[in-house]
Amino acid sequence: MLKKVFQHFLFHMTILGLTQLLAIQLLTAGTPGSRVPREQWIASVFDTLSLEQKIEQLFVFSLYENQDKEDIQRLLQLLNRRNIGGVYVQAENVSAQLNITQQLQHRAAFPLLIGMNARLGAGTSLDSAIRYPSFMTLGAIQNDAYLYDLGAEIAKQCRKLGVHVNMAPVLDIKGGKVQPAAGGDMMSDDFGQAFAKSLRYMQGMQDYGLIPCYKQYPLASPLAMASLGGRASSTNYQEGKLVAQLNFTREGNEISDKSFLLRNAIPESYLYEKYLELEGLAISKPLSGIQGDAAKVAVKTLQEGNDMLLAGAEIEQAINGIKTALAQGELLEEDIDRRVFKILNAKYLVGLDGQLVNTLSQPTKEKTVRWKSEAYMLKQYLYEEAITVIHNKESLIPVRVLDTTSFASLSINLDQEGASPFQEMLDNYAPFTHYYIENSKKNINYNSLYKEINQYGHVMVALYDHPSRKGPQVDRELLTFLKFLRKKSNVTIVAFTQPHHLTDLEEFPSLVCAYEDDPVAQEVAPQILFGAIGAKGRLPVNASKTLSAGIGVNTRGLARLGYAQPEAVGLDADTLLLIDSLAQWAIDEEATPGCQVLIARKGKIIWEKAYGYQTYDKKDPITPETIYDIASVSKVAGTMQAIMFLQERGTINLEEKISTYLPELKGTDKEHITVREVLLHRAGLRSFIPFWSMTKDRKGLNPDLYRFSPEEGYNMQVASGLYAVSSLRDSVWQWTIDSKLLRKRGRRNPSWKPEYNYRYSDLSFYILHRLVERMTNQPMDEFLYQNFYDPLGLRTLTYRPLREFPAERIAPTEEDKHFRDALIRGTVHDEGAALYGGVAGHAGLFSNAHDLAVLMQMNLQDGIYGGDRYFQTGTVGRFSIRQYNDSRRGLGWDKPEYIRDGGPTAPEASYASFGHLGFTGTAVWVDPKYDLVYIFLSNRIHPSARNTKLLTEGVRTKIQSVVYRAMEDYNGR
């Protein structure tokens, strides 16, 4: 069913003519043959029209008021006998709109101007289409180039739907002032600002082939509309102020002589060779909305200056009335001719001529329109530019410190099930507890709420419009509660409503206006609060003496990860869809029961998806919050962070013998190994030793070493229901010391090369783990939490996750039948790390993809994240560079293979990239050349580590290849 749209549509519209259209080039590109010149085409068509057909061209048929299929059929029948000029059509959704416009053009003897209400994009009228921010939100944007881009994008979308005219006023000028038009809001209280911004917006539409609308008052009659015709007078400067003299004329006869002093409002980009050129048509309001006989109303409306008449069922009566008026001399045929020339001119300018018409009028099999990612990307940009930090007197925004502050959110007037987009995005930056007031005008137990929420250090209050939309958004009781809360906690108010509703909150020192509760606005606001992006908006209207137009505080970004569409960072979204196929293939082939994939580029997360289930029985779906055992990724996400920290501060020297720091190695075959050699896996250490086998005898686990429940002296959890003696860590360390080294390189080995060949070794990180704990004088996990994970807000990146998270949130690994005789879930899979109680140098960490991405982004940004510096400049680069030509390895970090095929990365990964893989089916990879972070997590070893399909099929590297193939600027390794 078509929507009832004209009940509130009582307006006079003036349609701006299309001048210097880029759209002409776009629309005619690639068509065979040359285009007939405009004057020639208009004349040739005009000569074929009878007087009655000319009159028919003056009408725009209004298809509205709950139309059904029968009404559409009646319109199609009308097109069989009447040569009308256009149709206003507005369906419920994109598919219906596209279908109707195609039917109409196919049936019409001559192509129709198609109009719809797309004031804020096709989503203004249609379901399943994009609706852009309100005019008030747009008015908060300081860079008007975004308004032009919006107009251009709306034009592109409308033209995909076969729409040529945006029949919704953008400007409403009355008595020299701009006032709210059909949309109910405006871009600014200031006429100059509103005019300039609206003009920029309309120019984008016009340049890309969509005819925009405005309203102009006063006129000779309230029924008439004057075109803004001809051109403005030459612009000149008076006292340094730009002045534009706009003469509103009709065919050279002034009907309103007004001058507007637009002080600093119109930049030169609006001017065509120092004058504004605005030509157009004047279209009446619906004749059905005007009292009186339709025939007389139609004649009177033409007499008052309108070029086209908006009509419905009364169209036949109106045509007859015009014919009678012509016969009686009330209207002149030359007046009709003049209007028809203007209508044909508009049709030519939007491409409704020649061979293009034949293409446009043919019905297609296409049932819908797919919007490109750029369309969604623009919407996010608009909110990023518009959201306004009104007050930041206590510098609470952006939030910098995460580890010493507790966070809560309070959503007021939020009536929905589940978390809001605002709350979900907050959770990406810090652990939040969420509270709700569904309806602030109902009886609320504020005392009870206060006792719960005042324990948090920082409360983010999200204020939404009251469901009734009437009265103040903040009543007295709620305001009192917020004032009391502010005395105990830091309070930041984020209002997803208009500035006029914030007058009672203007004394709050931390106040943000997001203007509307669109999901994109709710996602952008937390990114501003936590410094992923900076705030730039300014209030566009005067809400009170304090909340005046133009106020706003710029905030700076803190180099935290934000969120964006792929195209925003130069990645093709369609190409990235191959990731879905590869992930699903891996699941279907049982290479892994599920996985997480995250891609961040240029500081923006553009892909964060979860696939499949935790197990093959498909009971627990993977979500972005699922936690994985990351296996050897622990080497770089844990131990290497500590090693880099110690080295740059001079606590350890890479050229020093490691026995200098670990005296127990003196007198052993490891005494002369350097720290550098251990990091390079060139210390002669064995790849691994199955220490777990040393804790068993012929009957099974040594009863002196294990218990099935924790007790004194046996508190190291090895698996569910299995605990080891606390001294077992020391035994494993001693077994590491006692292990024999490999054979050295031959005698001809150059003195500048290590004595041992490259051999990847877990034992290297047993030693580095011990080195970290000795030099920091604390357990490594505690050191990492204090210096990295907690300040970065990485809650899931942890050892021994069962201490904080339920087992159901953790993906299980192997059904261990050779050592622990149990399904491993929540305890580390690696047997050696299990003997260390879950905290080891080579394994033990658990995480989701998001937290790993934050840590890797900090490394990519040379140690800076969230406004803090974690490493000195150049530290990460020194460790991540390849050290020797006969090995791909950096210091602790893995690198791409450069001599032979294969390796741990996609073949497209740059040689500057670094990262690591994990035995459980995990990968983290950082590419400084392409400003890229790639995370892949899975539990491919469930239920058996013998399942190597993920490895042999190269699923991780194939997905990584897709990312590089999607890059617009990829230029090799």
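Buried means under 20% relative accessible area, exposed means over 50%, and partly exposed lies in between (1.4 Å probe, protein chains only). Keep those cut-offs at hand for the tour.

**Before you start**

This is a predicted model, so to speak of local features a pLDDT of at least 70 is needed, side-chain atom pairs count only at pLDDT 80 or more, and totals for chains, interfaces and linings use all residues. Residues are numbered from 1 along each chain as its sequence is written, and side-chain values use heavy atoms, with hydrogens and water left out.

**Stop 1: the whole protein**

Show everything as a cartoon. The protein has 29 helices and 37 strands. Helices (H or I, at least four residues) and strands (E, at least two) are DSSP runs, numbered from the N terminus. Of the 973 residues, 60% count as buried.

Next, contacts, meaning heavy atoms within 4.5 Å. Take the contacts with a separation of 6 or more: residues 24 or more positions apart account for 72% of them.

**Stop 2: helix α7**

Select residues 145-160, which form helix α7. How far apart are its end C-alpha atoms? They are 23 Å apart. The expected span is 1.5 Å times one less than the number of residues.

Colour α7 by accessibility. Twelve of its 16 residues are buried, so the helix is mostly covered. Among them are Tyr146, Leu147, Tyr148 and Leu150. Glu153 and Arg159 are buried too. Step just past the helix to glycine 162, where phi is positive, about 80°.

**Stop 3: the loop between β14 and β15**

Select the loop between β14 (388-392) and β15 (407-412), where proline 398 sits. Most residues other than glycine have a negative phi, and most peptide bonds are trans. Look for exceptions here. Serine 395 lies in this loop. Its phi is near 55°, a positive value in a residue other than glycine. Is serine 395 buried or exposed? Serine 395 is exposed, with a relative accessible area of 57%. Move on to isoleucine 397 and proline 398: a cis peptide bond joins them, with omega about -5°.

**Stop 4**

Go to alanine 631, in the loop between β23 (628-629) and α20 (634-648). Alanine 631 has a positive phi of about 55°, although it is not a glycine. At 9% relative accessibility, alanine 631 counts as buried.

Then jump to proline 943, in the loop between β37 (932-938) and α28 (949-952). The peptide bond from histidine 942 to proline 943 is cis, with omega near 0°.

**Stop 5: the largest pocket**

On a 1 Å grid over the protein atoms alone, a pocket is an open set of points with protein on both sides within 12 Å along at least five of seven lines, a cavity is a set where a 1.4 Å probe fits but cannot get out, and lining residues have an atom within 4 Å of a point. Grid points are joined across faces, edges and corners, and a volume is the space filled by probe spheres set on the points.

The largest pocket holds about 810 Å³ of space. Select Glu424, Asp427, Asn428, Tyr563 and Glu625: of the 31 lining residues, these are the closest to the centre. Elements that give two or more residues to the lining include α13 (373-386) and α17 (519-529). By class, the lining has 14 nonpolar, eight polar and nine charged residues. Ala, Val, Leu, Ile, Met, Phe, Trp, Tyr, Cys and Pro count as nonpolar, Asp, Glu, Lys and Arg as charged, and the others, Gly among them, as polar.

Now pick glutamine 380 in helix α13. Glutamine 380 is buried, with a relative accessible area of 11%. Leaving out residues up to four places away in sequence, glutamine 380 touches Val520, Val524, Gln527, Tyr563 and Ala564.

**Stop 6: the largest cavity**

The whole structure has eight cavities of 30 Å³ or more. About 80 Å³ of space lies in the largest. Its lining includes Asn428, Tyr563 and His850. Seven lining residues are nonpolar, three polar and one charged.

**Stop 7: phenylalanine 708**

Finish in the loop between β26 (706-707) and β27 (716-719), where phenylalanine 708 is found. At 69% relative accessibility, phenylalanine 708 counts as exposed. Which residues does phenylalanine 708 touch, not counting those up to four places away in sequence? They are Gly721, Leu722 and Tyr723.
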